[in-house]
Amino acid sequence: MKNSIMKVTSQLNIFLNPISGNGKALQVYRKLKQLLQKEEIQYQTYIGPHPNSLYTRVQEYAASPHPAEEVIVVIGGDGTFNEVLNGLKHSPRPNLPLAYLPAGSGNDFARAAGLTTDPQEFIKRISQAKTVTVDCGSFTYASEPEKRHYFVNNFGIGFDAYVVHLSNNQKLKNELNHFHLGKFIYGLNILSVLRKQNTFAVTIKTAEKSYHYGDAYFVTTTNHPYFGGGIAILPSANIESHVLDTVVVEKPGLGKFIRLFAKLLTDGSHVTDPQFHDIQAKEIHVETHKPQYRQIDGEDGERASYAVSVKN
């Protein structure tokens, strides 16, 4: 995947999810629009307030001829960026570069990539006309191996996915987003999920080795350090490493979990714990043997058993 920063003299094609961040994306767009008009920069806006509408719109854009200098700009959260990326990857021109102005509640990819959330700084960076290539993950389900899906953050199964599921389906998240505090809903749901999440068996396979964990609690394949709005589950992960990391955490007792979580939030030493495992490879096969929630770039799915092949 390429993250693009191009000349401001070219037209910006803005793909906007106005409801991201409980309306924060719309506020960011309005500020950007004022700056573009002031600088006399041409732009066109594609709005996608419904699920998969931006997926279709970016496919239509990529199927039509456009000058090479034009820029695709995504405004929204990680889920919006994921949608546009997948639409583009399944279009006639899958390698068109993207620029991203994050305006969601988590913004984990932007944090990992060092992107700005300020519209004025965003325009300044675009003027540098530099294109940077970074990693993204992709996966196929065993049930449909011919269709590849893409993610920029992580594919999580178990504990983190359950937290995301609860958080995305609570009205409190929207209320906190109104005060730019949406990421704290994840913290509020951690204790709830700690009581409810059961362990499950998972098999992890790489080209070199097979791993089996019968007491897994948390399984996530990640492209960079963060999930849940800035929690660094794997500080060493990097979007330019050309590999993916699958993190498996076996269920600790309550006291151990509290200590591990405190380390996760402070010095990152949780990664040295015997119940924390990191499998790194260009391609990883993950198979669960009990229905679990899953999350992809912060978008949740219902409980299911999974057999997925994930690769860089």
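Which residues does Q197 touch, not counting residues up to four places away in sequence?

## Q197 and its surroundings

Q197 touches G158, F159, Y162, Y217, K251 and Q292, where a contact means heavy atoms within 4.5 Å. Q197 sits in the loop between α8 (184-196) and β10 (200-205); helices (H or I, at least four residues) and strands (E, at least two) are DSSP runs, numbered from the N terminus. With a relative accessible area of 2%, Q197 is buried. Here buried means under 20% relative accessible area, exposed over 50%, and partly exposed in between (1.4 Å probe, protein chains only).

## What kind of model this is

This is a predicted model: local features need pLDDT of at least 70, side-chain atom pairs count only at pLDDT 80 or more, and totals for chains, interfaces and linings use all residues. Residues are numbered from 1 along each chain as its sequence is written, and side-chain values use heavy atoms, with hydrogens and water left out.

The protein chain averages a pLDDT (the predictor's confidence in each residue, from 0 to 100) of 88, and 91% of the residues score at least 70. Over residues 1-7 the pLDDT is below 50, though this stretch has 38 contacts in the model beyond near neighbours in sequence. Residues 176-181 also stay under 50, with 10 contacts beyond four places in sequence.

## Helix α6

α6 (residues 159-168) is mostly covered, as nine of its 10 residues are buried.

## The largest cavity

A cavity is a set of points on a 1 Å grid over the protein atoms alone where a 1.4 Å probe fits but cannot get out; lining residues have an atom within 4 Å of a point. Grid points are joined across faces, edges and corners, and a volume is the space filled by probe spheres set on the points. The largest cavity comes out at about 270 Å³. Of the 20 residues lining the largest cavity, F218, I233, F257, F261 and L264 are the closest to its centre. α6, α8, β11 (210-222) and α9 (254-265) each supply at least two lining residues.

## Two positive phi values

E40 has a positive phi of about 60° although it is not a glycine. E40 lies in the loop between α1 (24-38) and β3 (43-47), and is exposed, with a relative accessible area of 72%. H242 has a positive phi too, near 65°; its place is in the loop between β13 (231-232) and β14 (244-250), and at 43% relative accessibility H242 counts as partly exposed.

Key: 1 Å grid on protein atoms, 1.4 Å probe; cavity = no way out; pocket = protein on both sides within 12 Å on 5 of 7 lines; lining within 4 Å.
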